[in-house]
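Colleague: I have a structure open and want to learn how to read it. Can you take me through some features, one at a time?

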Amino acid sequence: MGFSDIVWMGLIIAGTLYLLYRSVWKKKGHCAGCDSQSCVLKKYKM
Amino acid sequence: MSAESISEVMRDPVRPAAASLSEEKRTITVAVAGNPNSGKSTLINAIAGTRLHVGNWPGVTVEKKEALFEYEVKLIKLVDLPGTYSLSPYTQEEIITRDYLVHEMPDVIIDVMDATNLERNLYLTVQLLELDIPVIMALNMYDEAEKKGYTIDSNMMEEMLGVKIVPTIATRKAGLHDLLKAVVKLVDDPSSHHPKKLNYGEDIESAVSAVEKQLKDSYPSLAEKYPLRWLAFKFMEEDEHVQSELKISGDVLLIEDAVRHLKKAHEEDMESIMADARYAQAAGLTREVLKRPELRKTDLTEKIDRIALNRFLGIPLFLAAMWFMFKLTFDVSKPLGDWMNALTFGPFKRWAEALVGLIHAPAWMSSLVTDGVIAGVGSVLVFVPVIFAMMFFITFLEGSGYMARAAFVMDRAMHSIGLHGKSFIPMLLGFGCNVPAIYATRTLENQRDKALTALLIPLMSCGARLPVYVVFIGAFFPAYAGTVLWSLYVMGIALAIVMGLIFKRTLFKGEAPMFIMELPPYRLPSFKSLMIHTWEKGKHFLIKAGTYILAVSILVWFLLNLPWGVESKKDSYLGQVGQVVAPVLKPLGFGSWEAASSLMAGVIAKEIVVGTMGEIYVKKTGEEQSAVKPAFTADLIEIGTSFTTALRNSAENVFSTFGISSLSTKEDEKRSGLKSVLRTTFTPLSAYAFIVFVLLYMPCVVVAIAMRQEFGTWKWFGISFAYQMALAWLMAFVIYQGGTLLGIGG
């Protein structure tokens, strides 16, 4: 395994952790019903 | 006026607001208020083309939502307020609605009335009129009122109240132009609005005048900020919410003087006196304007309810309806699920491999894509049809009005655990996803009910657990698929009742408050509405697949391949952690590191259990790939023809559910290799114990965050985590060890 492989792996893991943080903890990838129920106040601007 | 005469039908939603308009024009703010289930969200959706959630049960909207659009060169903002029966500050919905109206002072209130329940709806109207905000009444569901034989003299009602009344049928978009025209006219020419001051009787009126005067003299700034008559009523009613907000609760002597004789004369508290006065207004108005048929015919809703709400038949019918829903879900989705499976692990996987080869990616990256992303995300994606089928049937039950009956028939059982039927509504929402269900607990009256309901919601089996059930049921119980799935959902409800009983005797001592539940009429939901809401519910499953299921699949691949060059997955980091946990699960029949690792990954989201298994067992399943790879065009033709066959089989299965032998009982040999591997590592008994464990073990991370947000503490999640882990282990232990002792499915 070369240096570039390690860099790529590092980038992929960092990106994955960010995606996980963003989607779970920041609730960007929310759950069924959130935008039609009450998870956050939604402002519909068409 | 007849339903046919209601003016033109709004063919298309109004024009969406252009971004540039918002700066130049004053926005007309219109609050849409009304009783629960009077059709507020349907009305807004019909006007503005939004997709606010609509359900034929009370309490669907629990927070205010907005829609902005342009109408006749005016910019209109509709604010959908939660449904309330009154403006008393007892429930979260009432507080949100009242605070918004009093503090934000919208330009107009559209009071959406259910024309079939005039008197009850007028009780809220009477209170809205106290606020001194221009009101326009949308007499909604006018067609249903006519079907019942009701005649409403809307002209007389207009005259008596002094407000514009527009008959509407929101589901058919009828009367909406008239409604918007009335709004614009009212804003353009406020002098056209002459609301009548409702007279509550001499004694109340003289008392309120005295309080108004006192407030005006002593607190002139308040008189400018709030509607004075409303404020006077609130002080007379000793409304603690208003008193504490305005911080003049100590200065109540002046009010005491004014209301003393009223209390003495009526021998009641002021709140009851005022409620009686308002009800008298609502009843009087109804008597004047509504004509009911002499002989009231029994409508369909009553006929169905005689059976559906029968004391002895209610719960068995609810269980039967659930069983039928799960059977239909399985039967309809199985051919499409098989098709998705063949597509994901056939052409999609081949194309991904070809793409990775094309860019000369290193071998590890190729493995990450095929053995990580496709095996992980793909294992979950094949359950898209089953998720959508389940959401479709749940949406149908919601829209038809049966869900409200389900809550009603469960009322007695809920009372035994110190809750009432209303708590069952958030729990039923939990069948879709536990997260909005946790938030829906805010519709409950007190903190005790909210916390207890939130603790029980994770026992309701959400859609994310479905892929795990489906893969195990498909591998071990294909002939009894619907029944086994039903048993899991019923077990969740039964254990919620048992845990509720335990909590009632320990953490939440006390009796459940009485609650009168409204039962909306049965309605056949429109196909369009069903499709929209099924998509709204199901699309988040796709979003999850592209976000944290993708992320966890990649992380699991790394954990299965680190330390780098590891020979066996068992020796990988994930394998090592799995081996540490596995002994705890051994008495439950699934003490392998593979099962332990999958369960740990499933903490992020339950469907990841399947994705992780897909990755762990990928080598074993990969071997069955054909050596000869078909051409791209051949793949496309095969995808098209197999999809047509899957659709036909799904349609046939709908009929087979009604008695003819079900296709779902036939085992498809080409089905995912994951099932074959599972058959070598689990027995039917340990498989059932495993899915019961998945049903019950700790709520996922997003539910944990929702609990923290809703209650402002980790305490309730901590309790939920502890009791659920113990319960999951205990139930799986009893099933596996009990079954082994009895010689069942070993």
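Modeller: We go from a serine to a strand, then to cysteines and nonpolar cores. Keep in mind that this is a predicted model.

Colleague: Is B:S86 buried or exposed?

Modeller: Check the relative accessible area against the cut-off; buried means under 20%. B:S86 has 7%, so it is buried.

Colleague: Which side chains make polar contacts with the side chain of B:S86?

Modeller: Look for N or O pairs. The B:S88 side chain is one partner, at 3.1 Å. The side chain of B:E94 is another, at 3.4 Å.

Colleague: And which residues does B:S86 touch, leaving out those up to four places away in sequence?

Modeller: B:E94, B:Y123, B:L124 and B:Q127.

Colleague: Now the strand. Why is β6 of chain B described as largely enclosed by the rest of the structure?

Modeller: Count buried residues along the strand. In β6 (residues 135-140), 6 of the 6 are buried, so the rest of the structure largely encloses this strand.

Colleague: Which strands pair with β6(B)?

Modeller: Read the bridges and their sense. β5 (residues 108-114) of chain B is parallel to β6(B), with 6 bridges. Here B:M113 is opposite B:L139. β8 (residues 164-167) of chain B is also parallel to β6(B), over 4 bridges. There B:A138 faces B:V166.

Colleague: What unit do β5(B), helix α4 and β6(B) make?

Modeller: Follow the path from strand over helix to strand. With α4 (residues 118-129) of chain B between them, β5(B) and β6(B) form a right-handed β-α-β unit.

Colleague: Next, cysteines. How many disulfides does a search of the whole structure find?

Modeller: A disulfide is a covalent bond between two cysteine sulfur atoms. Over all chains, the search finds 0. Burial is a separate check. B:C462 is buried at 9% relative accessibility, and B:C700 is buried at 16%.

Colleague: Last, how many residues has the largest nonpolar core?

Modeller: Nonpolar side chains tend to be buried together in soluble globular proteins. The largest core here has 145 residues. B:F472 is among those with the most contacts inside it. B:F472 touches residues including B:F477, B:M613, B:F682 and B:F690. A second, separate core has 62 residues, among them B:A115, B:Y200, B:Y226 and B:A258.

Key
Residues numbered from 1 in each chain as written. Chains lettered and ligands numbered in written order. Predicted model: local features only at pLDDT ≥ 70, side-chain atom pairs only at ≥ 80, totals over all residues. Heavy atoms only, no water. Buried < 20%, exposed > 50% of the residue type's maximum accessible area, 1.4 Å probe, protein only. Polar contact = N/O pair within 3.5 Å; in protein donor to acceptor, adjacent residues only side chain to side chain. Contact = heavy atoms within 4.5 Å. Helix = DSSP H or I, 4+ residues; strand = E, 2+ residues; numbered from the N terminus. Pairing = 2+ DSSP bridges. Right-handed = clockwise from strand over helix to strand, strands pointing away. Disulfide = S-S within 2.5 Å. Core = buried A, V, L, I, M, F, W, Y, C linked by side-chain atoms within 4.5 Å.
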